[in-house]
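Morning, everyone. I have one structure to show, and I will keep it short.

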Amino acid sequence: MIVVMGTFRVAQEHIGALLPLARKVAAATRAEQGCIQYGYAQDIDDPALFHVAERWTDRDALMAHAKSAHMAEWVAARAGLGFHDRVIRLYETDEGVAI
């Protein structure tokens, strides 16, 4: 399994414009083959900070996602919204255990 975790920031004045775009790309991504989990969460203490959490069956599924049309649209759309300080990490792991 591939786990992707990270954060990004968006200009405060563009948060309202970002949210529907993020919802759109998340919905399209969740329908992709190999996507187990895909989501963004707005930080409760810093509304301009967003957390990224993804789980994929394998690296091939993640790479196909990166080449998808909806990702290209998301990358283009967010560029004009003060999107910055993106820090994303990829981890290879097993499915973990429930605790």
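Start at R78. Its charged end sits over the ring of F83, 4.1 Å from the ring centre. One caution before going on: this is a predicted model.

Now F83 itself. F83 belongs to a cluster linked by ring pairs. How many aromatic pairs does a search of the whole structure find? Seven.

I will take two of them, both on W74. A pair of aromatic rings is described by the distance of the centres and the angle of the planes.

First, F8 with W74. This aromatic pair is edge-to-face. The centres are 6.4 Å apart, with 70° between the planes. F8 lies in strand β1 and W74 in helix α3, residues 69–79, so the pair ties together parts that are 66 residues apart in sequence. Are these two buried or exposed? Both F8 and W74 are buried.

Next, Y40 with W74. This aromatic pair is tilted. Here it is 5.5 Å centre to centre and 35° between the planes. Again, distant parts of the chain are linked: Y40 is in strand β2, W74 in helix α3, and they are 34 residues apart.

Why does W74 count as buried, while Y40 counts as partly exposed? The cut-off for buried is under 20% relative accessible area. W74 has 3% relative accessibility, so it counts as buried. Y40 has 22%, and therefore counts as partly exposed.

Now the sheet behind those strands. It is open, with four strands in the order β2-β3-β1-β4. The pairing is antiparallel. Which strands are at the edges? They are β2, residues 35–42, and β4, residues 84–92. Each of these pairs on one side only. On average, neighbouring strands are turned by 10° against each other, direction ignored.

Look at β1 against β3. That is residues 2–9 with residues 49–56, antiparallel, over eight bridges.

Helix α1, residues 15–30, touches β1, β2 and β3. Its direction makes about 170° with that of β2. Helix α2, residues 59–66, touches β1, β2, β3 and β4. The direction of α2 makes about 130° with that of β3.

To close, back to the rings. W74 pairs edge-to-face with F8 and tilted with Y40. And R78 has its charged end over F83. Thanks.

Terms used:
Residues are numbered from 1 along each chain as its sequence is written. This is a predicted model: local features need pLDDT of at least 70, side-chain atom pairs count only at pLDDT 80 or more; totals for chains, interfaces and linings use all residues. Side-chain values use heavy atoms; hydrogens and water are left out. Two strands pair if DSSP finds at least two bridges between them. Helices (H or I, at least four residues) and strands (E, at least two) are DSSP runs, numbered from the N terminus. Axes are lines fitted to C-alpha atoms, for helices over the stretch in contact, and angles run from 0 to 180 degrees between N-to-C directions. Contact means heavy atoms within 4.5 Å. Rings of Phe, Tyr and Trp (its six-membered ring) pair if their centres lie within 6.5 Å; planes under 30 degrees apart count as stacked, over 60 as edge-to-face and the rest as tilted. Buried means under 20% relative accessible area, exposed over 50%, partly exposed in between (1.4 Å probe, protein chains only). A charge sits over a ring if NZ of Lys or CZ of Arg is within 6 Å of the ring centre and within 35 degrees of the ring normal.
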